[in-house]
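Reader: Can we go through the salt bridges in this one? Put the structure up and let's start.

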Amino acid sequence: MSALTGWEQETSPFHPGEITFQERVGKRDQMELSGRRVIRPYMPQQHRDFFTQLPFIAVGSVDADGWPWASLLVGKPGFIRSPDDRALELDAAPLPGDPLAGSLNPGAPLGLLGIELSTRRRNRLNVRVAGTADGLLRFAVDQSFGNCPQYIQTRDYDFVRDPRQSGTPAAPERFASFDDATSDLIRNADTFFVASYLEAGGHSAIDGADVSHRGGRPGFVRVAGNTLTIPDFAGNNHFNTLGNFLLNPKAGLLFMDFENGDLVFLTGTVEIIHDGPEVDAFMGAERAWQFTLDHGIRLADALPIRWTLNDFSPNSLISGTWGETEAALAAEAKREAWRPYRVVRTEDESSVIRSFYLEPEDGDGLLPHEAGQYLTVRVTPEDADKPVIRTYTLSSSPADNHYRISVKREEDGWISRHLHAALKTGASIEAKAPRGDFWLDASVDRPAVLIAGGVGVTPMISMARHAATEGLRTRHYRPLTILHAAQTTGQRAFHETFQSLAEASDGALRYVSLISRPEEGEEAGIDFDAAGRIGRDVLRQHLALDNYDFFLCGPGGFMQAAYDAIRALGVRDARIHAEAFGPASLERRPDADAAPVVEQPPEAKQATVTFAKSGFEQTWTPEDGTLLEFAEAHGLTPEHSCRSGACGACVVPMLSGKETYRNTVTAPRGEGEVLICSAVPAAGADTMTLYL
Ligand SMILES: Cc1cc2nc3c(=O)[nH]c(=O)nc-3n(C[C@H](O)[C@H](O)[C@H](O)COP(=O)(O)OP(=O)(O)OC[C@H]3O[C@@H](n4cnc5c(N)ncnc54)[C@H](O)[C@@H]3O)c2cc1C
């Protein structure tokens, strides 16, 4: 945009409502800078050319009672002309029954949105009516700017009649509440237009009407009584519409039936929902707003155009629907429960790793997860007399509408072999809600380095796909370098996905495949990027000097070697995040200025431990090991998985007593809960009661 001219305006193009929102999202300075350059009082030539090729233009207006309306003006391409860079002429009239007809008085402010559905291009204008003589509508431009193509579904159109001959239009239906047909049209909509209006005493850079496009997947608008709820996705951060709502909470909405030409015009009041559980649960929503109908008009077969849908916008596809949001909220009530999931698909990712795609069987939604978190699953193989628990990182991205785990078949591994052999499409598996502290925040600016060894690639594929999705959704792509080590190319999983993410990332994601045992005939630069292991030289070669966050996952020895090499480059311990898949935990060297590690209380020399559920007590001494080992030695079989305090599967309520930990535990636990795989009784309390 800025390449078009050297234009920069002296005063802010934003009003206090818009400024308040820009401040809320921390983009105020950036928007002021770019707004002065991209919002102009004239149309660049490419916008003028663009308008002339459109078959319709969306219009925002305000009626004599102060209600905003969103409308369309329609004509064969060429019906819009631009005699100069501050004027448009339209050879069109409002459709019969459109409330716009009453708002075209000279000087009246209008918002215009030229949108080409086949290419997703759109440009905005704020104009004033300059005249309506000779069957032409003349508009004078106040502000002009381009809009990004997000959330626009592509569609092709055909005229079904001459736009100048409206035929015999059906009488407009006026209503003050939604009937079933209107509710259905809105519920199934993937597109609508919204008009807003602000009166600011004739200050042309600030007041006037706006019209804007909103898109999502069908179901993104909720209808409940006379109220619609609409998620607000990441946009251009101008906040023209929401900024207007803040100062004048009224909106005009236009829904259209692309197939039969019906139009539904609504006007009413607006309430902004800045945050809350529904906003959190709606995939992609930054906030939401509620529209309450005051009155509306339905025009049957009003449009002379029909459209056919081509593609959903990639942004729409990574956003949610209200159905999914309500299912996710219902699932929230089951956060602590084991829930059944059906395997809907399996896929071999390498010679040893197989993915299992899971969908809830109980009809409720997926609980959201962070990229890098894990599922605790339980299965009962034929040779087990009770369910066995294991932990698997979610290799799916948070925006996916399924969970996916990717399991390496361990040669002597009981459950991994069972899953590969028995968990076919259609089979069932139980899992608890996603959890874990090892995850990537894609909104952070600092670049991150993901270092994966073997099956330790599972959190990294989730993180890489998440960064790409967030890059698309928010236009902020957290820079990632992925160093992916595998023994052979045959064992390497997700290689092609990483490569295509890197290709599509415009340099934001770099991927390096390291193979320690190349097969005969395989060549570096063709089959992989470099032979060997991850050490100091590899890090130096692939990482420019920068302030990175590091994420490590892989076998114990691999992680320790990578950690030591990173530390040797002068990286702080606090910048290195690691996840172990087994009991081997990383030996860290804390930073010199790190907060002192909270000393664990000393262990008891002896304690009486009561197992309250099982109804017996035993004397514990340090030689008995952890509380898990102690319980197992006395015939109990408590749930557990990692045995290192990382997965949380072994958490048990402690009714009395005091615990201390033998190793650093990372799994979240509630007040009064203890991770028995790593805990022992602490000195100072002679008794302990576990709910076990
Ligand atoms: C937070 C977390 C995330 C994880 N994410 C993943 C993931 O994404 N993908 C994944 O594949 N795994 C993951 N794991 C590991 C997973 O939970 C299991 O530990 C793994 O699948 C092995 O389980 P198993 O029952 O097959 O092996 P087990 O029977 O429990 O055996 C464990 C290990 O001991 C070895 N072993 C077993 N018996 C013997 C024997 N007699 N002699 C010598 N060695 C033996 C096995 O080869 C295996 O390596 C994760 C673990 C944690 C804690």
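Reader: Arg-473 and Glu-470: buried or exposed?
Author: Arg-473 is buried, and Glu-470 is buried as well. Keep in mind that the model is predicted.

Reader: What do their side chains do?
Author: They meet in a salt bridge, at 2.9 Å from N to O.

Reader: Where do Arg-473 and Glu-470 lie?
Author: Both sit in helix α10. They are three residues apart, about one turn of the helix.

Reader: Which side chain does Glu-286 meet in a salt bridge?
Author: That of Arg-473, again with an N to O distance of 2.9 Å. This pair links distant parts of the chain. Glu-286 is in strand β16 (residues 285–299), and Arg-473 is in helix α10 (residues 458–474). They are 187 residues apart.

Reader: Why does Arg-473 count as buried?
Author: Because its relative accessibility is 11%, and buried means under 20%. Glu-286 is partly exposed, at 32%.

Reader: New topic. What about Glu-632 and Arg-643?
Author: Their side chains form a salt bridge, 2.8 Å from N to O. Glu-632 belongs to helix α14 (residues 627–633), while Arg-643 is in the loop between α14 and β32 (651–656), so the pair ties together parts 11 residues apart in sequence.

Reader: How accessible is Glu-632, and how accessible is Arg-643?
Author: Glu-632 has a relative accessible area of 29%, which makes it partly exposed. Arg-643 is partly exposed too, at 35%.

Reader: Which residues do salt bridges with shared partners join into one network?
Author: Lys-334, Arg-339, Asp-362 and Asp-364.

Reader: And how many salt bridges does the structure hold?
Author: It holds 42.

Key. Residues numbered from 1 in each chain as written. Predicted model: local features only at pLDDT ≥ 70, side-chain atom pairs only at ≥ 80, totals over all residues. Heavy atoms only, no water. Salt bridge = Lys/Arg side-chain N within 4 Å of Asp/Glu carboxyl O. Helix = DSSP H or I, 4+ residues; strand = E, 2+ residues; numbered from the N terminus. Buried < 20%, exposed > 50% of the residue type's maximum accessible area, 1.4 Å probe, protein only.
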